[in-house]
Amino acid sequence: QTRSKLALDVTDLGNQRLKNIDTPVQVFRIELGTGPADLPGTKFARDGQDMPSLAVLPFVTAQPDLAYVSEGISEELIGDLARVNGLIVVTRNSSFMFRDGTANPHNAAARLGVRYLLGGTVQPGDEVTIEATLIDARTGEKIWSGSQSCGFPEIFKGLGKLAGEVAERLVGPPDAEWLARASRARAATP
């Protein structure tokens, strides 16, 4: 039923026997092409603009009681990066629709209309470790990664450094004005 409705190559592979399923299941192969332009609905909305566009996805943790900390880290990074001149940053409300952490980076970027995605993990221990990764969603390449470890009370104070490294990768070294704004914002955080 999709052949005439979607611009996809669909091949019927017939009924296949699958592990743990008693009856055969009809299987199809869908050819998606080789790049973002081949997928329906994946035109990057900000193509043609000179500024790079970024979404900070919610950071994930295996500890349910630290989920609020992971989300707070994402929010702080969104705030810091939104202050960078020459960088478009998607709002928290938009990027947090991918809260479950299972989003395909290319599809998430296409839905959000951005080229770059920043995501990561929060790992508890004697010190909390934050690992962040910047991905070019068009190519799927990891173009930067960084981490920091610190005690729980200091967890938000070092995020400016991570945000600065991401900004430098996307738009060049942060200027003195951005550093001052980030420093003031961080000082205001209890």
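The model is predicted, so local features are given only at pLDDT of at least 70 and side-chain atom pairs only at pLDDT 80 or more, while totals for chains, interfaces and linings use all residues. Residues are numbered from 1 along each chain as its sequence is written, and side-chain values use heavy atoms, with hydrogens and water left out.

The protein chain contains five helices and seven strands. Helices (H or I, at least four residues) and strands (E, at least two) are DSSP runs, numbered from the N terminus. Along the sequence, the pattern reads β-β-β-α-β-α-α-β-β-β-α-α. Of the 190 residues, 38% are buried. Buried means under 20% relative accessible area, exposed means over 50%, and partly exposed lies in between (1.4 Å probe, protein chains only). The chain exposes about 11200 Å², and carbon and sulfur atoms supply 50% of this area. Accessible areas come from the Shrake-Rupley method with a 1.4 Å probe; for residues, only the protein chains shown count as cover. Among contacts between residues at least 6 apart in sequence, 53% join residues at least 24 apart. Contact here means heavy atoms within 4.5 Å.

Strand 3 pairs with two other strands. It runs parallel to strand 4 (residues 88-89), joined by two bridges. Two strands pair if DSSP finds at least two bridges between them. In strand 4, I88 stands opposite S53. Strand 3 also pairs with strand 5 in the parallel sense, over three bridges. There, A55 has L117 as its bridge partner. In a regular strand the side chains alternate between the two faces of the sheet. In strand 3, S53 and A55 point one way, L54 and V56 point the other way, and all are buried.

In soluble globular proteins, nonpolar side chains tend to be buried together. The largest nonpolar core has 29 residues, of which L54, I73, L77, L81 and L118 touch the most other members. A nonpolar core is a set of buried Ala, Val, Leu, Ile, Met, Phe, Trp, Tyr and Cys residues joined through side-chain atoms within 4.5 Å. Strand 3 (53-56), helix 1, strand 5 (116-123), strand 6 (128-136), strand 7 and helix 4 each supply at least two residues of this core. Helix 4 gives the most, with six residues. Beyond four places in sequence, the contacts of L54 include L81, L118, V166 and L170. A second, separate core of 10 residues includes A55, L57, A109 and A137.

Helix 1 has 16 residues and reaches 23 Å between its end C-alpha atoms, close to the 22 Å expected at 1.5 Å a residue. The expected span is 1.5 Å times one less than the number of residues. Its buried residues include I73, S74 and L77. S74 counts as buried because its relative accessibility is 0%. Its side chain reaches the backbone oxygen of L57 at 3.3 Å. Not counting residues up to four places away, S74 touches V56, L57, P58, F59 and F96.

Helix 4 (residues 159-171) has 13 residues and should span 18 Å; its end C-alpha atoms are 18 Å apart, which agrees. Among its buried residues are L162, V166 and L170. G172 follows helix 4 and has a positive phi, near 100°.

E141 lies in strand 7 (residues 141-150). E141 counts as partly exposed because its relative accessibility is 47%. Leaving aside neighbours within four places in sequence, E141 contacts L134, I135 and D136.

Notes
Polar contact = N/O pair within 3.5 Å; in protein donor to acceptor, adjacent residues only side chain to side chain.
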